Amino acid sequence: MKKYNRVIALLAATSMTATLMAGCGKTEAPAQTTDTPAQTTETATETAAAETTEAPAETAEATEEVDANLPSLVGVEPDTRLAADAYSELWDVDSYQTESSEVYERILGQYNEYYQKALATENISERYALMAVAEAKMLESGVFIPLTTRGGNYGIRRTLPGSVTNTLWGNDNYRFHNVLVTTELLSQEDYYALKNMRNELKGTGTYQAKAKEYVKEKGYELKDSYNFPNTSDPKTWDVLATSRAADSEILVNLYDGLAEYDVEDVQQPALAESWEVSEDGLKYTFHIRQGVKWVDSQGREVADLTADDFVAGMQHMMDAMGGLEYLVQGVIVGADAYINGETTDFGDVGVKAVDDYTLEYTLEQKTPYFLTMLSYGVFAPLSRTYYEGQGGQFGQGTGAGNYGTDPDHIAYCGPFLITSFTEKNSIIFKANPSYWNKDNQEIKEMTWVFEDGTDVTKTYNDCLAGTIDSAALNTSTIETAKADGNFDKHAVIADTEATTFCGFINTNRKAFVNFNDSTTAKSEKTVWDGQRTAIALQNQDFRLAVVTSLDRASYNAQSMGEELKLNNLRNSYTPGTFVTLPEDVTIDINGTATTFKAGTFYGEICQAQVDADGVKITVWDSKADNGVGSSDGYDGWYNPTVAKEYLAKATEQLAKQGVEISKDQPIQIDLPYFSGSETYTNRANAFKQSLEASLDGNVVVNLIKCEAADDWYYAGYYPDYGYEMNADIMDVSGWGPDYGDPQTYLDTMLPDYAGYMVKSLGVF
């Protein structure tokens, strides 16, 4: 069965249980280094930005033409609208696919057109340059506003810098078996000395040994346990059936991959001892390490690991359709046909066990980033015998058996076993006695301590007490740390990373309560106001008015503090420094042949296209990061003058569709927020105040209380489909890269259920 048909069947089964406007909903949240939730503790980061005053030029890209195909309220009076509980009459289940396709083409059609051109070229420099152009078109569409990334905040810690890889993609930065942890908090001086040492020794293979020597000389004692602050429990224990960071960040500690990045960001053999690539670049052959054992949660051996376990893992991942199967579509031979149900024989897929210890992947085309994909969960092995012993059935998705239901129903081949799990309390990891590399394992026990974010001082106090080994400092605990002397002694600034958290705009909203619980995150809008908002949010100029009206620095200051509010602000979806051109390339930008030199950053090309289109946002600043250039560390979007210009154009256009915008008839935008957290409450209020002030009250923000973090997640992070998203704008989720190519970000915005994050826009 094709994925499309399965989605429509699901829609038909659920649509009649929904209700409308004063009650409906759905949203998106945490997932691996891919879809990740906004953080509810001090691990989040912030930034701010300089304001631009120049108004946007009149361009076709920035203005949508009104035509007969656009939604309209012309001739319809408010009192003739359907009753507020008539949800099923306001959208047709059978036409949802068609409607999603039409809305997608309207909001992101131009992006997709340019992106397909990028995918069609085999030249790497041309590929990167055209992808940057496509991203520019996506950002100009205003379907979301980049907000922040992780890091950039003050924190205190016992973990040494460089204890895990800094590689921007995959899951390896959550493999904690070789973290170096001291019994006492690191001093500022020692932290930065170690960080400089790591940068100097990167690639030599000597940093970890040198770091151990350094801390010993400084009087620190290393310990073999690690206590980590956790903000979200797994929804599944099956790493091959999830796309949620909150799942995979835990599960990656329970298995090894074919290859893994070390602390110096060098890819090293793991379960594959070696590999080679065919001359044509289409066949990758891996030689599997012998003697590796699968064990259960009690440490009892259940099977030998063989090449076939990687075949089993890939098939189960495609069967489960957990949201990341698209990563191998168009990459591995036969994957697309199998995932879409065009073939049911996995033997047609290019993943083969040549013998017990030889594994072979056959690719559809040259994929220069293929090896960078290996540290991600979609390539995890699965013990075929254990899976079938738990009632698992290949070709049947995740519905059969007990596999993955809890830590006692999975097989382990990594450094840790889960010995205890208490929901919203703790997860206890113990060293796997049968781990193949146990002699080189630093950490023998881990405790993940649940931190729900309701007490803004808890992580700081827990870190001082040793309950956890690192804590980010928020606006409250910064002052506490200054008062008790710990700030000057121990506070350091964390590095930023690759996850991009966004404010996603729901352009096709169908839900007005949470899909799992109709009593939570209820909208108070009438049907009439809900439809006015939906029509407005399908107008590009209106969306641009919204995204340029948000003072992101003030928003971010609520968690980062005034001093660091700009540090982790991000201005693009793909980080501007993610890749550089390996060679000179010339591409067309609005009819002009434009040459970019080897070494040019991705973000610089993106900005060139934005400038050519006359859209007044700054997604790359060549002066940022001490002149290196960056998409982080400033606010290149907030501009009330520009926002008013966009709103004026949108107001004129929408009037023709029967939607009046004025202070008496403002467009209402619902923003769910986690009211159980002081930080997130303050952030939501900052969002509301800046948007309403920038747009002179012509747009108002309705703050929708979510008293529990899960209610917030169910509004905008846990939804699997666009029709479940319960918000007009939602800031609960983001995306982190799976491999070392911009495609890992841009693929998430593809149509027809192929792009994981388009659901956040209310489609597919």
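**Exercises on burial, contacts and cysteines**

Cys 706 has a relative accessible area of 1% and is therefore buried, where buried means under 20% relative accessible area, exposed over 50% and partly exposed in between (1.4 Å probe, protein chains only). This is a predicted model, in which local features need pLDDT of at least 70 and side-chain atom pairs count only at pLDDT 80 or more, while totals for chains, interfaces and linings use all residues. Residues are numbered from 1 along each chain as its sequence is written, and side-chain values use heavy atoms, with hydrogens and water left out.

**Exercise 1.** Classify Cys 606 as buried or exposed, and state how many disulfides are counted.

*Solution.* Step 1: Cys 606 has a relative accessible area of 1%, so Cys 606 is buried. Step 2: a disulfide is counted when a pair of cysteine sulfur atoms lies within 2.5 Å. Step 3: by this rule there are zero disulfides.

**Exercise 2.** Describe the setting of Arg 127.

*Solution.* Step 1: Arg 127 belongs to helix α4, which covers residues 124-140; helices (H or I, at least four residues) and strands (E, at least two) are DSSP runs, numbered from the N terminus. Step 2: the relative accessibility of Arg 127 is 8%, so Arg 127 counts as buried. Step 3: leaving aside residues up to four places away in sequence, Arg 127 touches Ala 118, Leu 119, Thr 121, Tyr 369, Asp 741 and Gln 743, a contact being heavy atoms within 4.5 Å.

**Exercise 3.** Summarise the protein chain.

*Solution.* Step 1: the protein chain contains 21 helices and 26 strands. Step 2: of its 764 residues, 62% are buried. Step 3: among contacts between residues at least 6 apart in sequence, 75% join residues at least 24 apart.
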